[in-house]
Structure formats: C-alpha cells, structure tokens
Amino acid sequence: MSEEGIIVLATIIVAGLGITLGTAIPALAEGRAVVKALESIARQPDQAGNLRTTLLIAMALLESTAIYVLLVVLILLFANPLIDRLF
Amino acid sequence: MDTIFPHVVFTIFGIPVRDSVITTWVAMALIMLMVRFLNIDALEALFDFLNDTISSLVGRSAAVYLPLLGTLFIFISAANVIGVVPFLNAPTRDLNVPLALALIVFVSVHYFGIRAKGWKDYLSDLASPAFLLPLEIISQLTRTLSLTLRLFGNVISAELIVAVIFALLPLFVPLPLAGFGIFTGLLQAYIFTALAAVYIGAGLEVTNPEVPNDQ
C-alpha cells in the first residue's frame, strides 16, 4: 500500500473512533449533570432560576471537550496537512 | 468550501487584510442599525438581562463591568449570527478573532483585580497557597485557551457542517442545520460572557475579607 494510502486509512480509522468516543463520553457526563440538577430543582423549586443558570454554564463547559474532539476530527478530514485532499 | 477557511482579500501598505476584518465591519454596522431601529422596550429588556446575569455572576453590582461584558455578548452574538447569512462567513471562524477576545478577557481580569485591590493585595491573593502558584499560572493560560477554542470550534464546525451538507444535498436539508447554527452562536456568546464574568468575579474576591465580599 502506498504512503498516502496508509495515511488516508489511518485518518479514516482515527476520525471514526475519535468522533464516537468524543461524543459518547461528554454526552454521558452531561446526562449525569442534568440528573443531579433536576433532582435539585424538584427539591427546591424556588431556586430553579439559579440552578438553571448553573446547569447551562456547566453543560457548556462539558460540551467544550466534545467540541475540541470535533475540531480535531474536522481538521483531519478537511484540512489534513499530511495529504493533498481527502474530501 | 474554500471560503470556510479565512483568506486574504486585500493589502494595506503590504499588510494583508483578511475577509474576517470586513465581516467584523458588517457586524458592527449591524449592531449600530439594531440600536438605531429597535424598540426601546427591546433594548431595555436586553439591558436588564445583561445586568442581571452579570451582577449575579460577578457577585456585586455590575455597573463597572457591564460595558466590557455587554459588548462581548452583543458583538459575539452579531458575529456568530452573520455566519448564517448565505454569502457571508462569521468572523469568529477565523482563529484570530476568538483569540483576540479571549486575550481581552485575560487582560481585563488582571486589570479589574489590580484596580480593585491594588498591586500587592492582588498578587498575594493570586499566590494564596504558595505551593499552588504554578498551577494558578497554568490555569490562567488554560482558561484563555479554552475560551478561544470553545468559541472557534463551535463556530467553525457549524459552518463546516452546513457547507458539507450543502455540497451533498442543497435543496432543503441545510436549513435546520443553519437554524441550529443560530442557536449555537447565541449560546456560545452567552457562555463566553458568563465565563468572563465568573473569571472577573474570581479575580475580585478577597481571600481574607475584612469587609464581606459582596460590597
């Protein structure tokens, strides 16, 4: 297999594996955060505004690692510096 | 596809100027038109929303910090939403624009802290448990980096996904993705502003207060 063929193959495998893990793990973490937040809102409904704001900020922070993975995968697929053009 | 990545449009005295600069001017014009032509009630609602959010996050009256943080929110919202318009690209998809905004936040955290507490108090609060000082410095740099990458990654992946789907199925399918891009843009603007407010608030807190912290 040619040089470029091996790099393309590796890119595809890494992109697929990376995006799978990179979206599954943050999604699980966000689910756990939402569970706790909903329990707290159910226990103290008058604090709902405060809890909602904190939940939103926490989810954005959890989401950001997923975005980092997406960024790397997109760079690998569309702007890969090692090969001429994949897409 | 190639316009997704920023390219040089013209040069001034040999300095290349990218299309992100021009789109930033469009965003500025959009904001000025919005202020000129919007209902006064809408502007008051926006002001109240910003004031309440920033006061609760910084932990004290927001009057001093509202200009900077409110401007960040309004500018980033306008910049991200412009990316949805068909022939324009969001200026925040160029890595330099979120980097500049994050550096502004980084400098302003230290500026507001030193202005509120004075040189020595601010630096001694920064190095409170002295063995944590290297960790503190690294965390300052990491916070700036993560602000940049979060905003940049969200905007460029939204644009890239719309561009790819547009290349495959141009008829109606890109529309919900573009709508999702509007939502993501506004949410990321709010997150950027909220995190900046939290960092400024953390920089203002006194470790051993003689006066309670929310004065």
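B:Phe49, B:Phe73 and B:Tyr190 come together as one aromatic cluster in this predicted model. Local features here need pLDDT of at least 70 and side-chain atom pairs pLDDT 80 or more, while totals for chains, interfaces and linings use all residues. Side-chain values use heavy atoms, with hydrogens and water left out, and residues are numbered from 1 along each chain as its sequence is written.

Searching the whole structure turns up 5 aromatic pairs over all chains; rings of Phe, Tyr and Trp (its six-membered ring) pair if their centres lie within 6.5 Å. One involves B:Phe180 and B:Phe183: the ring centres sit 6.1 Å apart with the planes at 40 degrees, so this pair is tilted (stacked means under 30 degrees, edge-to-face over 60, and tilted the rest). Both residues belong to helix H7 (residues 174-204) of chain B, 3 residues apart, or about one turn of the helix; helices are DSSP runs of H or I, at least four residues, numbered from the N terminus. B:Phe180 counts as exposed at 53% relative accessibility, whereas B:Phe183, at 48%, is partly exposed (buried is under 20%, exposed over 50%, partly exposed in between, with a 1.4 Å probe and protein chains only).

As for charge, B:Asp41, B:Glu44, B:Asp48 and B:Asp52 make up a negative surface patch, where a patch takes residues with over 30% relative accessible area and no salt bridge, like charges being joined within 9 Å. B:Glu44 sits in helix H2 (residues 40-58) of chain B and is partly exposed at 48%.

Conventions: Chains lettered and ligands numbered in written order. Patch = residues over 30% accessible without salt bridge, like charges linked within 9 Å, V, L, I, M, F, W, Y side chains within 5 Å. Areas by Shrake-Rupley, 256 points an atom, 1.4 Å probe, with all protein chains shown as cover. Salt bridge = Lys/Arg side-chain N within 4 Å of Asp/Glu carboxyl O. Lys, Arg positive; Asp, Glu negative; His and termini not counted. Charge placed at Lys NZ, Arg CZ, Asp CG, Glu CD. Helix = DSSP H or I, 4+ residues; strand = E, 2+ residues; numbered from the N terminus.
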